[in-house]
Amino acid sequence: MALADKWFGGWLTAFLCSFLFISLCTTETYAQRAEPVHFLPDTIIYDFLRDKNGILWIGTDSGLIRYDGFRMERYTMADGLPGNEILMLVEGNDSKIWLLDFSGATSYIKNDIIYSYLNSSYFAEITPSTPHLAGHVAADTTWVSWEDGRIGKFTPQGVEFVNLSQAIVYRYIYQSMDGLLTLTGLRKKTTVIEEVETEHEGFNHELSTGRLFYHTGGVYVPSNSVWVRIYSDPSTSDPENYEEEKILDFSPYGLSGMMTSAVHTFDGFVAAGTSDGLYFFDPAKDKKAITALDNVYVTRVISDKEGNIWASTLGSGLYLFPAGYWHIKSTSADILNISTFRNVALLDDGRAFTGTTSNGLLLVDFSGTEPAAVGMDSELFSRLGNQISFIEIRDNWLVAGGVLQIIVARKNADGVYELVHQTEFSAPKGIQFINDHDFIMTGGSGVYRLTYSEAEGVYSEEILYRNRITTAFENEEFGLLIGKNTGLYYMNPTNGELKNIVTNIQITTIKKILNGKLLVGTNGSGLFYLEKADEQILAKPVLNTATLVPTIREIVQQNERFIWLAGSNGIFRLDNHNQNLQLKDTGNIYSADIHENKIVYLSSNKLIERPLTIPAPPEVKLFLNGLRISTDQQLISQDQPLRFPYNQGQISFYATAPYFRNIGTTEYLYMLRPADQSWIKNAGPEIIFRNLRPGQYQLYLRAGSSDDVIESDDLIISFVIVPPFWQQPWFLVISFLLLGLVISAGVRIRIKKIRHLEQERLAQYRQLVELEQQALNAMMNPHFIFNVLNSIRHYMSGSKIEEAELYLQMFARLIRLQLESSYRKYISLKDESERLKTYAGLEQLRLNQAFSFHISFCAQSMEEAEDIELPPMLLQPFIENAIKHGIEPESGYSNADRSIHTSFELLNQHQLEINIVDNGTGIHSSLEVSNLSDFIRIYTSESSFDGNPEKHGHQSLAMRIIAQRLELLAQEHGVAADLSIRKAKNGSGTAVRLVLPV
């Protein structure tokens with residue numbers, strides 16, 4: 001059970017803190033009332049104060065409450081309080097809050113620790129006996145009185161007691177500018193403590209319980225319904241000064257009850273609390289006070305630095321009245337000598353028509369110092385009788401409803417309303433204008449539509465629905481909607497049948513707003529809106545207002561953002577942007593109307609006018625409270641240097657900035673240098689860092705309002721994250737030495753590896769030389785030599801000496817070119833083309849000119865033929881294959897029938913493309929492989945040749961050597977190489993394409 005209570009208490013406290021923070025940070029409010037259950041865990045408040053740091057301290061009958069603008073904390077006897085009933089709070093000059101409780105114990109709280117006779121030797125001589133009555137702080141001394149006539153003097157050195165001659169009740173303590181301490185009892189006695197005690201019968205008034213009131217240089221105390229001055233500044237030591245009597249009587253302003261507390265507002269008003277309520281009035285004007293709280297016992301009233309007024313009550317919680325609330329104007333039905341108001345409508349000139357239950361129609365003028373009402377006894381309004389249910393004004397048209405009839409009037413050129421139409425109608429409830437002059441009226445008789453004829457100047461009536469209803473609405477988009485006690489209905493215009501939209505809800509009002517939606521107010525079911533989709537009318541909730549506004553009587557739109565709701569529990573403003581509902585005034589509100597920058601609303605006996613905008617409260621500089629620093633292990637004291645170990649998981653800095661102005665919320669920013677170079681916005685006042693690196697840091701904290709109007713000074717906190725041992729200087733020296741040894745060993749290993757790579761490179765070079773030698777041997781193969789010699793023999797046996805001599809010269813030239821190139825790694829493109837022509841010429845002679853051979857260059861290649869170099873004897877095998885496998889097997893062809901064409905073209909600065917194309921027998925027959933495709937890639941740098949015949953097809957030894965040479969060339973130059981064989985484009989023959997690095 002105890003665990004459940006603790007859990008519930010923690011949950012409730014968190015909920016109350018959240019609600020209070022949201023309530024205090026809303027925008028542009030007038031009178032914001034917090035229901036007791038939403039504001040404090042207790043409603044009986046004996047005293048409260050706002051200290052110099054902006055913290056609210058609230059003394060209740062069940063403990064002390066601390067609120068810092070963000071978080072609420074509650075202290076009870078379980079936290080060290082000597083008693084839970086805190087009668088009085090006094091702020092000391094050393095950050096102490098003195099607590100005087102009903103048991104007579106004196107204690108104080110500082111840095112969240114409570115000191116009392118229970119835990120401190122400072123209070124050893126104080127035994128709780130009789131209740132406390134008063135407390136006062138002067139310099140470093142705190143004065144406390146008890147019922148038995150004792151006066152306690154608390155100083156840093158200790159506690160002293162002053163026993164007065166009479167054990168009377170001293171309720172008030174005040175110290176004047178000259179240092180004299182004055183005590184005033186409830187039974188006429190005034191005591192002055194100087195070097196000796198002096199007693200005076202300074203006045204003939206019996207005082208009442210309350211708080212001091214500082215007014216026009218004097219100090220006043222309450223005496224039932226008036227205030228009595230007990231001291232005047234500048235003070236004097238003349239005791240006769242205390243006999244001067246002055247009375248402040250606020251009864252002409254309409255205050256009732258026993259005076260308890262009063263304070264001046266920032267603009268010259270007085271907020272006075274009594275046993276009957278809270279009132280605002282201007283003491284410089286003879287004008288009735290505004291009643292802010294009615295039938296509520298007010299215990300204390302204070303004004304904070306932003307001009308807001310706070311009032312604590314004995315049983316109704318704590319109230320906040322933002323600056324400007326008291327500028328409203330109001331008039332009561334009893335002052336006007338009428339019974340009750342029923343309805344209100346604003347005119348263009350600022351005056352307001354209001355209907356009553358017994359005095360007919362009144363015209364109320366707020367332009368004077370006191371709102372005045374003038375009865376409208378003209379023939380026009382006398383037709384309605386004394387009870388007027390409603391009145392609506394639109395442009396120059398006025399519609400008013402009495403008990404049994406409705407009249408329609410139109411304003412003429414002289415500004416006088418003239419009767420246009422009158423009809424009998426039972427229990428009228430209201431009307432809805434369809435356009436400037438047409439409308440529908442609702443009530444006990446049902447729904448009637450009245451349409452005006454400009455030509456005839458008369459109205460025609462049409463019965464739309466005959467039954468008792470609560471409200472109705474009609475336009476082209478939604479048709480006719482009827483609200484009843486049982487729900488909302490759509491009426492079919494063809495057959496008059498009702499189609500249900502929502503059921504089991506009592507509808508009170510329907511209003512069209514600027515975005516085209518319809519807002520529907522209910523009795524007990526909140527607010528919802530209607531929209532049309534696919535010819536269906538859908539009802540969707542706007543906000544669950546049933547708990548705050550049980551009955552919504554009227555909806556008035558201010559603009560696209562704000563909508564006002566008049567209901568049984570007050571008048572509220574709904575913010576469409578954030579769906580926030582704000583209470584503007586309490587009471588049972590029946591009707592409201594808005595015109596330009598003012599709103600007028602009424603309860604059963606009070607008519608109130610207030611501006612939609614209020615004067616801004618004075619500029620106030622924000623400030624940050626004392627800093628609290630904690631880690632994931634403990635709370636850190638700021639009295640010691642802030643040094644944290646390197647393995648500190650989390651550090652929290654918490655410094656709130658109380659902000660009670662209702663124009664926005666408080667925002668917190670921080671910058672951790674040297675890590676951050678700009679301000680960072682934080683979600684709340686607690687800044688948390690996790691796993692910070694070692695080093696010296698400076699944390700800058702700043703608070704400001706969300707509208708950027710005001711901001712606090714910067715709070716700077718310096719701290720150090722101590723590095724681990726491995727980041728200490730001695731460890732770094734050792735580490736550098738070890739690192740040097742490791743680097744030295746690494747260099748030696750690297751040198752060894754470079755030597756190994758050089759040896760591998762030399763081996764590859766030797767392999768390249770061997771491959772080139774193999775290529776020479778492969779290209780100048782014995783079969784070719786045999787064919788050449790055999791051709792020479794054939795020419796000589798046939799006595800073709802000239803042909804044999806030519807053949808022998810060409811063969812000798814080819815042998816010379818072969819031998820010259822065998823000693824060189826690269827030869828020029830010009831020499832290679834000359835060698836290929838010589839080789840092809842020998843084959844042409846041997847085959848009786850059975851084919852033609854051509855070499856072509858692109859323009860750029862021809863110009864750079866001397867500069868372009870390529871490996872020797874790389875292309876001859878392809879010419880040989882073209883002759884051997886594509887040309888030689890055939891016979892009977894002339895020179896024009898078979899040809900071999902070789903072309904050279906520079907692709908770029910690093911690649912030479914070579915194409916060798918013949919029109920022989922073709923790739924399949926030439927390679928004698930039937931299962932190959934029309935395209936064979938012998939080699940590419942992207943996928944080097946692996947010598948697998950099954951994968952690449954049949955390849956000669958020469959082809960394999962060429963592929964290997966291409967791979968070495970690509971590695972040496974770092975440029976891609978490629979070799980492919982495909983079927984020629986003309987349908988027969990073979991095309992070889994090489995891409996060589998150059």
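**Where two helices meet**

Guide: Happy to! In this predicted model, look at helix H7, residues 829-846, and helix H9, residues 876-887: their axes come within 11 Å of each other and cross at roughly 20 degrees. Because angles under 35 degrees count as roughly parallel, H7 is roughly parallel to H9. As for handedness, the crossing in which H7 passes H9 is right-handed. Next come the residues that make this contact. On the H7 side they are Arg835, Leu836, Tyr839 and Glu843. H9 contributes Gln876, Ile879, Glu880 and Ile883. Sorted by class, the contact of H7 with H9 holds four nonpolar residues, three charged residues and one polar residue.

Three strands form an open sheet, ordered S25-S26-S27, with antiparallel pairing. Strand S25 (298-303) and strand S27 (318-321) are the edge strands, each pairing on one side only. On average, and with direction ignored, neighbouring strands of this sheet are turned by 15 degrees against each other. Strand S26, residues 309-313, pairs with S27 over four bridges in the antiparallel sense. To find your bearings there, look for alanine 311, which stands opposite tyrosine 319 in S27.

How values were computed: Residues numbered from 1 in each chain as written. Predicted model: local features only at pLDDT ≥ 70, side-chain atom pairs only at ≥ 80, totals over all residues. Heavy atoms only, no water. Axes fitted to C-alpha atoms, helices over the stretch in contact; angles between N-to-C directions. Parallel < 35°, antiparallel > 145°, perpendicular 65-115°, else oblique. Left-handed = near helix turned anticlockwise from the far one by under 90°. Contact = heavy atoms within 4.5 Å. Nonpolar A, V, L, I, M, F, W, Y, C, P; charged D, E, K, R; others polar. Pairing = 2+ DSSP bridges.
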